[in-house]
Structure formats: C-alpha cells, structure tokens
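Student: I have a structure open and would like to go through it with you. Can we start with the helix geometry?
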Amino acid sequence: MQDITELQRRISAALDRIGAGIDKLDHADAVPTEPVADTAGDLAGLTEELEAERALSAQLEERLQANRLRSDQIRAEAEAEVANLAARLSELEEDRSRLKAVNDALRSSNEALRAANEAGQGDGALVDSALRTELDALRQVRASDRAELDAIVSLLGPALDETDSEEAPQDA
C-alpha cells in the first residue's frame, strides 16, 4: 500500500512538472527571448518520465488486480470450507441426537428391568428388550465415534499431505 502511495506522489510530481513545462511553453510563445531547444528538451524529459510513471502505474494496477483475484479465490475457498464444516457439524449433531434418544431408551429399559427384578418377576421379554436397546446404543456410539474420527481425519488430511510433500525427496 505504501508503494501505491509513493507512486501516486511521484505521478503527481511528474504531472506538476509537465504542467510547469507547458506553462513555460505558453510563456515561451508570449516571450520569444527564451530558447526553444531548452523547453523541447525539458518536454522530452518530462514526457519520458510520464511514460515511465504510466508504465509503473500499469504494472501496479496489474498487481492490484492479481491480488484482488487471489483474495476473491481465497475467500471463495474459505466460504466453501465453512459450508463443508457446517454440514459436518450438522451431521455430528444428528448423530448425537440419535445417540441421546437410544441412551434414553436404554435407560428406561434398564429401569423397567430393575423394577421387574426387584419385584421378583424376571421377564425374558424385558431382558431381551434391554439387550436389544443396549446393542442399538453401542452401534450408535460406534457410528458417532466413526463420524467424529472421519471429520478429524478430513481436517488433518491437507496438513498431512503438505508435510508428506515437503519431506518427499526431490530429484535434481
């Protein structure tokens, strides 16, 4: 940004010098005592400076445009990553909700089984229901853990790929 400010200052100074040169030319037409060769040399030098400043300004404009494009690309990639992470978070929340529901069912099934055992009524159907609910809970925990691990691996994947590419031997 300081380069742009410095270049703007330089361009302004060059334009001021050109304006002063034009004023000299106007006065040279009015006052014929001033040699024409000096103003022509000044004008040529100022014109060269102006062209150099224009070229530099064009280069800076190109760099600025490239930086804007790169910034837009980075922003788009970041937005895509945020959307991806939001989708994964939503999936994890759904897994957690299912896990909570299965655990609640397991808890109520175990309470019913305990009550039946305390009353001395060992019911095979209650035991079967409790075991099925427990198996469902274990499956949900495993699925939830798997989803969480997959999310962690996908987040670490790019970092691991960069590390692998940096450590890979390079052929000369």
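Student: Where does H3 bend, and by about how many degrees?
Tutor: This is a predicted model. In it, H3 bends by about 40 degrees at Gly157, and Pro158 follows within four residues.

Student: What span should H3 have, and how far apart are its end C-alpha atoms?
Tutor: H3 covers residues 124-167, which is 44 residues. At 1.5 Å a residue the helix should span 64 Å, and the end C-alpha atoms are 61 Å apart, so the two agree.

Student: Back to Gly157. Is it buried or exposed?
Tutor: Gly157 is buried, as are Ala130, Thr133, Ala137, Ser144 and Ala151 in H3.

Student: Take Thr133. Why does it count as buried?
Tutor: Its relative accessible area is 13%, and buried means under 20%.

Student: What does Thr133 touch, leaving out residues up to four places away in sequence?
Tutor: Thr133 touches Val102, Ala105, Leu106 and Ser109.

Student: Now the surface. Which residues make the nonpolar patch?
Tutor: Leu149, Ile152, Leu156 and Leu160 make a nonpolar surface patch of about 370 Å². Leu160 is in helix H3, and it is exposed, with a relative accessible area of 51%.

Student: Why would residues three or four places apart in an α-helix point the same way?
Tutor: An α-helix has 3.6 residues a turn, so residues at that spacing point the same way.

Student: And the whole protein, how many helices and strands?
Tutor: Three helices and zero strands. Buried residues make up 14% of the 172 residues. The protein exposes about 13200 Å², with carbon and sulfur atoms supplying 55% of that area.

Technical notes: Residues are numbered from 1 along each chain as its sequence is written. This is a predicted model: local features need pLDDT of at least 70, side-chain atom pairs count only at pLDDT 80 or more; totals for chains, interfaces and linings use all residues. Side-chain values use heavy atoms; hydrogens and water are left out. Helices (H or I, at least four residues) and strands (E, at least two) are DSSP runs, numbered from the N terminus. The expected span of a helix is 1.5 Å times one less than its number of residues. The bend at a residue is the angle between axes fitted to the seven residues ending there and the seven starting there. Buried means under 20% relative accessible area, exposed over 50%, partly exposed in between (1.4 Å probe, protein chains only). Contact means heavy atoms within 4.5 Å. Patches are made of residues with over 30% relative accessible area and no salt bridge: like charges are joined within 9 Å, nonpolar side chains (Val, Leu, Ile, Met, Phe, Trp, Tyr) within 5 Å. Accessible areas come from the Shrake-Rupley method with a 1.4 Å probe; for residues, only the protein chains shown count as cover. A salt bridge is a side-chain nitrogen of Lys or Arg within 4 Å of a carboxyl oxygen of Asp or Glu.
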